Amino acid sequence: MGARLKPMETSSPERTSSRGASASDSRVSPERGLVVERRIRPVFVIGCHRSGTNLLYDTLLSAGGFAVYRGYLPVYKMLIPRFGNLANRDNRKRMVQAWVRSEGFRRSGLNAAELTTKVLDQCSNGGDFIRIVMSEIARGQNVARWVLYDPDNLLYIPAIKADIPEALFIHIIRDGRDVALSLTKMGGFKPFPWNRHAKGLLPTALYWEWMVRKGRQNGLRIPSDYFEVRYEELVSEPRAALTKLAEFLDHDLDYDCIRKASLGRVRAPNSSFLDETDRHSPVNRWSEKLSSREVASVEAMIGDCLEELGFSLTSPAKLKESGLQEKCMRASYFKLLNAKFWLKTRTPVGRFANLGALELSDDIESTEAE
């Protein structure tokens, strides 16, 4: 966590592709050894929770050309830790038997028996499973491309890239003060039992920094296939943000068409896609909702990361300096979050992963595409 990353530049030329001009525009797919053109390469929407991942995902779906899937497919976060290496036929059999009972499967519109056969015969890793599921959904909707939404996939970029070499990643980043405020209010991140000060505001701010740094450290190793979107720009200057994103994806992201389709969160009142003069903008809510003392505490905790990303700090220099308590909290939280992630992904502890979020049911006969 000590290394400083360069400030984010959403328009950085080295991270945007010129259509048809770069060697990085295509990748060799393990499927039949075919070259996958950039315009149909799969896309992963990632970012810390409450950073606008839903808005970005629904923006892409509203643009058209992507398979619409509203399900949950936590392959690297939950399924592989729980069921083990998918190169083992018994492991993937147990995994697919569980997943076809999930709400994510019921929303896919797929046939359980056909999917099970494909997974058992063609799947050897997490990427294969994702590709099989999403390609079948895309085929059923007669589109050539798919995008997968899961904020936590930013932690698994190396594994996903190893399994799906043609994958593209869009990392949406939002001001950590707004994320901490929103996550704390939503109860989305539970501070460790021994520290619940400020209703979890500071631990949640640290969680934001940990997630953002993990995503950037993973993503900046594959610069031609990784792109950062500023949430604030997507909300306040959507045309500019979409122009850069469209070039990276080699996909038509027409703003007017997106507004007309308005799927999911694009319809939400806090989106500039419907009213760019909305007085209730989700940008910089922290400046109105947090006290000056809370702002100073948060900036003392994550100020370096905020500045690295180009966000301005507002507290007097003396108040935003990290004290011994802040430094100890940072060190302990980052170590614990790293340890928890390591235990889940590298040890048998992952076998105890709770599948409750999959909403399992014994009814696997009828499915409905959404």
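This is a short tour of a predicted model, stop by stop.

Local features here need pLDDT of at least 70, side-chain atom pairs count only at pLDDT 80 or more, and totals for chains, interfaces and linings use all residues. Residues are numbered from 1 along each chain as its sequence is written, and side-chain values use heavy atoms, with hydrogens and water left out.

**Confidence.** Color by pLDDT, the predictor's confidence in each residue, from 0 to 100. The chain averages 83, and 79% of the residues score at least 70. Now select residues 269–278, where pLDDT is below 50. Residues 366–370 also stay under 50. Where pLDDT is low, the predicted coordinates should not be read in detail.

Most residues other than glycine have a negative phi. Select Asn142: its phi is positive, about 60 degrees. Asn142 sits in the loop between α6 (126–140) and β5 (145–149). Helices (H or I, at least four residues) and strands (E, at least two) are DSSP runs, numbered from the N terminus. Next, select Asp250, with a positive phi of about 55 degrees. Its loop lies between α11 (238–249) and α12 (255–261).

Are these two buried or exposed? Buried means under 20% relative accessible area, exposed over 50%, partly exposed in between (1.4 Å probe, protein chains only). Asn142 is exposed at 73%, whereas Asp250 is buried at 18%.

**Cysteines.** Select Cys48, buried at 1%. Then select Cys123, buried at 2%. The whole structure has zero disulfides (pairs of cysteine sulfur atoms within 2.5 Å).

**Last stop.** Select Trp342 in helix α15 (residues 324–346). Trp342 is partly exposed, at 47%.

Key. Contact = heavy atoms within 4.5 Å.
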